[in-house]
Amino acid sequence: MTPLFMQPNVRVGLCENGGFGLSPQAPYNVQASEDSIVYTPVSPHSRMMVKGMTIGHNFHWQQKRDLLFRGTLIFRRGSTSSQLINVLPVEDYLESVISSEMSADAPDEYLKAHAVISRSWLMRILQKQAHDFPELPATEGEYISFTQNDLHSDFDVCADDHCQRYQGVSEAGERAINAVKATRGQVLIDTSGLIADCRFSKCCGGRTELFSAAWNDIDPPYLPAAPDPYCDPSALTAQEREALAACLKDYDSATDYYRWEEIVPKELISVNLKKYLNINLGEILELRPIETGYSGRIVKLEIRGTKGDIIIGKELTIRRILSASHLKSSAFQVSPYPDGFMLTGRGWGHGVGLCQTGAAVMAIRGFKFEEILQHYYPTTKLASIYD
């Protein structure tokens, strides 16, 4: 595939509605208007510290950190809201992404694979190739929805798990920088020549899942539901477990994600149904899976109460309703528990595409990045879209 164009810039939404501070670490040109302030770097060494930036919004690992960014920063003020946007070249952005999704100390071949899929996912959005998701048909007694990650209007992508983790140059390591350079401009394309929609999640739990289990009812052939023999930490040697631990961010390694249990109080479910769906089912009586995917992730879940029933989906909606933040995944079995339910689950995330845990193990075992990509995205091939 002949390179199509020069490297573009990406606009990343960092923060919204205050709660952060800005501290320039080197000179910037500042231009202020009635509704915006633009910080333009004076030199390649200009950096901006964003203090108190929230990462992991509404997930179990949510926290605030002081993070360092390069490129142009734009602070926009509206009558009821504000935004902080970072504008920088795609390759600079990717150096941070692959160091934010997993540790910059991960194996080189893993980092190269992640650079390719993160670039592919982003370039689909920048080239307006992201899926055009029609509204799901409304069915009485059901609430079925999913989150689109290409809906941002004032910027291209956000900085958190809704899109891809992006935590600035604070996280970028030399190995990640080299991995991005080694794969510069490379993406995966499908058999029709379009850039592949390279989804990924933290841990598939032993089986990857179909796209339609999490999003719209389409299933690209390069995103199959298949066994993943590499993501089970209990099947690793002590040396491999130690190497895998070094691949994880500190807040990711502090949790069990391959197999897990969670107690969900009935009251929490009632509160979340009212908060997110404006539904009152009274006392919650039963949780009953209606439809599951290949990986065991629940696509539709019936919630029965004293005042009615509702079927909810897809997987992210289920994870939100059954947790104070988000469940690790919707792959779980339900058993009764005093004043609630015991969920016995597996995996972390939607399970579609690359399993970050499995891919890291493949790299630890000596697989090349091209082999990792073919394992998770069969029928695709590498192509260079800019020099």
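Modeller: Let's start with the angle classes: under 35 degrees counts as roughly parallel, over 145 as roughly antiparallel, 65 to 115 as roughly perpendicular, and the rest as oblique. Keep in mind that this is a predicted model. Helix α2 (residues 108-126) packs against helix α9 (residues 369-376) at an angle of about 55 degrees, so α2 and α9 are oblique to each other. Their axes lie 8 Å apart, and the crossing of α2 and α9 is right-handed. As for who meets whom, α2 brings Glu-109, Tyr-110, Lys-112, Ala-113, Val-116 and Ile-117, while α9 answers with Phe-369, Ile-372 and Leu-373. Sorted by type, the residues of this α2–α9 contact come out as seven nonpolar, two charged and no polar.

Now the strands. β4 (residues 36-41) pairs with β7 (residues 72-77) in the antiparallel sense over four bridges, and Ser-36 stands opposite Arg-76 of β7. β7 also runs antiparallel to β8 (residues 82-89), with six bridges joining them. A hairpin of four residues links β7 to β8, and Arg-77 has Ser-82 in β8 as its bridge partner.

Gly-21 has 25% relative accessibility, so it counts as partly exposed. Leaving out residues up to four places away in sequence, Gly-21 touches Met-49, Val-50 and Lys-51. Asp-66 is 45 residues from Gly-21 along the chain, and their C-alpha atoms are separated by 9.0 Å.

Conventions:
Residues numbered from 1 in each chain as written. Predicted model: local features only at pLDDT ≥ 70, side-chain atom pairs only at ≥ 80, totals over all residues. Heavy atoms only, no water. Pairing = 2+ DSSP bridges. Helix = DSSP H or I, 4+ residues; strand = E, 2+ residues; numbered from the N terminus. Buried < 20%, exposed > 50% of the residue type's maximum accessible area, 1.4 Å probe, protein only. Contact = heavy atoms within 4.5 Å. Axes fitted to C-alpha atoms, helices over the stretch in contact; angles between N-to-C directions. Left-handed = near helix turned anticlockwise from the far one by under 90°. Nonpolar A, V, L, I, M, F, W, Y, C, P; charged D, E, K, R; others polar.
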